[in-house]
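Work through the exercises below with the coordinates loaded. Each task is followed by its solution.

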Amino acid sequence: QYVKPQDWNALLADPDVVVIDTRNDYEVAIGTFKGAVNPDIKTFTELPAWLDAQPALQGGKKPKVAMFCTGGIRCEKSTALMKMRGFDEVYHLEGGILKYLEEVPLEQSTWEGDCFVFDERVSVGHGLVPGTHELCRSCRWPLRQTAKASPHYVKGVSCAHCHEQPTSEEKEGLGESQRQGEKRRKATHLN
């Protein structure tokens, strides 16, 4: 059942509703709805296994479930999965978080933080105003401005989330890619 953004807060206020964020861990890390369950998944394909491991969602009377994602596509898949598993009352935010942030005024919002987006903006807030996050070009983790103060942050090479993953050769290659990209951007900017 689709829930319009302006009706979403009322659904979330229902104590009998389990609210599940269907997005990946790096997306949830920068923002989610107050009280939402974070499955802490690296990819959406891990969601079915996470659901199987939740005792509160197995057997007996199935709770009402509300699910949300960035734009609504993952919710189509996740709500279909819940229906196949015997959940009768499954809701999802129509138009996803982006529609909610576009239509629901900040003073009425239950959204906390920014919403990760899959473009150069990296994140947006209410009114779809671009956020302040930057993407780690090595691991693609969204970084707050404070994360760039980490001794593990090297622009284009590593951040606190991935500094141990790339080999020294890979770091060298990432560094060279970063330098070449900056060179191209500077040349384009000067023309």
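**Exercise 1.** With which side chain does the side chain of Thr 70 make a polar contact?

Solution. The model is predicted: local features need pLDDT of at least 70, side-chain atom pairs count only at pLDDT 80 or more, and totals for chains, interfaces and linings use all residues. Residues are numbered from 1 along each chain as its sequence is written, and side-chain values use heavy atoms, with hydrogens and water left out.

Step 1: a polar contact is a pair of N or O atoms within 3.5 Å; within protein, one must be able to donate a hydrogen and the other to accept it, and residues adjacent in sequence count only if both atoms are side-chain atoms. Step 2: the partner is the side chain of Glu 27, at 3.4 Å.

**Exercise 2.** Is Thr 70 buried or exposed?

Solution. Step 1: locate Thr 70 in the loop between strand 4 (64-68) and helix 4 (73-84); helices (H or I, at least four residues) and strands (E, at least two) are DSSP runs, numbered from the N terminus. Step 2: its relative accessible area is 9%, so Thr 70 is buried (under 20%; exposed is over 50%, partly exposed in between; 1.4 Å probe, protein chains only). Step 3: leaving aside neighbours within four places in sequence, list its contacts (heavy atoms within 4.5 Å); among them are Arg 23, Glu 27, Gly 95 and Phe 116.

**Exercise 3.** In which sense do strand 2 and strand 4 pair?

Solution. Step 1: pairing requires at least two DSSP bridges between two strands. Step 2: strand 2 and strand 4 have five, in the parallel sense. Step 3: Val 17 stands opposite Lys 64 in strand 4. In strand 2 (residues 17-21), four of the five residues are buried.
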